[in-house]
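Here is a walk through one structure, from its overall form down to single side chains. Please keep the sequence and the 3D view at hand while reading.

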Amino acid sequence: MSFEAIEKVTKAEQDSRERKAEAAAEAKRIVAEADRAGRQAVADAKAKAEEQARQMMAEAEQRARARAEQAGRENAEACEALKAAARLHLERAAGLIVEKVGKS
């Protein structure tokens, strides 16, 4: 084999090793970028889920407050109705007592 042929083979082997090293470096870069993108996607999804959970909790708390306020108003109305009925019965009872005492 001539010296020129040996140089060509050596140069081809060197070029091959360089391309292989470049391909390995590129593969590592692609894997690292995919890993970073995957982690970012997970972080974004987690943040979105947390925000949705906060919104859902706020909405649920608002509905609960509205229901509690409504129940409070309804209970106050029922209480006032019972007080009015009790006053009416008290007035009737007092009238009956006065009537009985007056007959005795």
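The model is predicted, so local features need pLDDT of at least 70 and side-chain atom pairs count only at pLDDT 80 or more, while totals for chains, interfaces and linings use all residues. Residues are numbered from 1 along each chain as its sequence is written, and side-chain values use heavy atoms, with hydrogens and water left out.

The chain holds one helix and zero strands; helices (H or I, at least four residues) and strands (E, at least two) are DSSP runs, numbered from the N terminus. The chain is more spread out than a compact globule, because its radius of gyration is 44 Å, well over the 13 Å that the globule rule gives for 104 residues. That radius is taken over C-alpha atoms, and the globule rule is 2.2 Å times the number of residues to the power 0.38. Along the principal axes, the C-alpha atoms fill a box of roughly 150 × 15 × 10 Å.

Two C-alpha distances give a sense of scale along the chain. Alanine 32 and glutamate 74, 42 residues apart in sequence, are 62 Å apart in space. Valine 101 and glutamate 91 are ten residues apart along the chain, and 15 Å separates their C-alpha atoms.

How much of the chain is buried? Buried residues make up 0% of the 104 residues, where buried means under 20% relative accessible area, exposed over 50%, and partly exposed in between (1.4 Å probe, protein chains only). The chain exposes about 9300 Å², and carbon and sulfur atoms supply 61% of this area. Such areas come from the Shrake-Rupley method with a 1.4 Å probe; for residues, only the protein chains shown count as cover.

Next come the charges. The chain has 21 positive and 20 negative charges, and their mean positions are 7 Å apart. Lys and Arg count as positive and Asp and Glu as negative, while His and the chain ends are not counted. The place of a charge is taken as NZ of Lys, CZ of Arg, CG of Asp or CD of Glu.

The structure holds six salt bridges, each a side-chain nitrogen of Lys or Arg within 4 Å of a carboxyl oxygen of Asp or Glu. One of them joins the side chains of glutamate 26 and arginine 29 at 2.7 Å, N to O. Both residues lie in helix H1 (residues 3–103), three residues apart, about one turn of the helix. Glutamate 26 is partly exposed at a relative accessible area of 36%, and arginine 29 is partly exposed at 47%.

Another salt bridge links the side chains of glutamate 33 and arginine 36, at 2.8 Å from N to O. Glutamate 33 and arginine 36 are also both in helix H1, with a spacing of three residues, about one turn of the helix. Relative accessibility is 38% for glutamate 33, which counts as partly exposed, and 45% for arginine 36, likewise partly exposed.

Further along, the side chains of arginine 54 and glutamate 51 meet in a salt bridge of 3.0 Å, N to O. This pair lies in helix H1 as well, three residues apart, about one turn of the helix. Glutamate 51 has a relative accessible area of 33% and is partly exposed.

Which residue does the side chain of glutamate 74 contact? The side chain of glutamate 74 makes a polar contact of 2.8 Å with that of glutamine 70. A polar contact is a pair of N or O atoms within 3.5 Å; within protein, one must be able to donate a hydrogen and the other to accept it, and residues adjacent in sequence count only if both atoms are side-chain atoms. Glutamate 74 lies in helix H1 and counts as partly exposed at 42% relative accessibility.
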